[in-house]
Amino acid sequence: MWEDRRLRDLAEADIRQLIGAGQQEHLQLEYKSVLYTNSHHDARESLLDVCQFANAAGGILLIGVPERRDAQNQPTGSPDPNAPLGIAIPNPEAALLALDARIVASIEDRLTTESFAVPIAGGLHVLAIRVPNSQAKPHSVHL
């Protein structure tokens, strides 16, 4: 997905096209409706998500894309076209730098990621993080 494009070239229309197509999560795509917090649980979850991509074939994490929910309110892996898109964050670049610092400090062997805050109408953003298909597998999380 978007292999031929830099993330900084993405626009809201690209994200909406993905959602409109009903693109399910898979080994190379993950949706998160909200930004990871600084809690130990969320820090670990964010690192495991990144590590999973690096140990597989790479992938893209999209933060700010809500998933449809089933009858038990569990995420289905399918984007919700009726939910509001994006997250309100005062400094999206700082959030991406913090995630990158967490990745550098806590994942062995070192990974280089690409990230961009895709602007969404109303001052919101979808944070896009691309994890490459790493040649230094396997990677592991150390917190």
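Modeller: In this predicted model, Glu12 belongs to helix α1, which covers residues 12-20. The side chain of Glu12 comes to 2.9 Å from the backbone nitrogen of Ala121. Apart from neighbours within four places in sequence, the residues in contact with Glu12 are Val118, Pro119, Ile120 and Ala121.

A further helix, α2, may be examined in turn. Helix α2 runs over residues 40-55 and has 16 residues. At 1.5 Å a residue, this helix should span 22 Å, and because its end C-alpha atoms are 22 Å apart, the two values agree. Several residues of α2 are buried, among them Asp42, Leu47, Val50, Cys51 and Phe53. The cover over the buried residues of α2 includes the strands β1 (29-32), β2 (59-63), β5 (107-108), β7 (124-131) and β8 (140-141), together with helix α3 (92-106).

As for the whole, the protein chain contains three helices and eight strands, and their order along the sequence is α-β-α-β-β-β-α-β-β-β-β. The radius of gyration of the protein chain is 15 Å, close to the 15 Å given by the globule rule for 143 residues, so the chain is as compact as a globular protein of that length. Its C-alpha atoms fill a box of roughly 40 × 35 × 30 Å along the principal axes. Of the 143 residues, 43% count as buried. Among contacts between residues at least 6 apart in sequence, 69% join residues at least 24 apart. The protein chain exposes about 7600 Å², of which carbon and sulfur atoms supply 51%.

Methods. Residues numbered from 1 in each chain as written. Predicted model: local features only at pLDDT ≥ 70, side-chain atom pairs only at ≥ 80, totals over all residues. Heavy atoms only, no water. Helix = DSSP H or I, 4+ residues; strand = E, 2+ residues; numbered from the N terminus. Polar contact = N/O pair within 3.5 Å; in protein donor to acceptor, adjacent residues only side chain to side chain. Contact = heavy atoms within 4.5 Å. Expected span 1.5 Å × (residues − 1). Buried < 20%, exposed > 50% of the residue type's maximum accessible area, 1.4 Å probe, protein only. Rg over C-alpha atoms; globule rule 2.2 N^0.38 Å. Areas by Shrake-Rupley, 256 points an atom, 1.4 Å probe, with all protein chains shown as cover.
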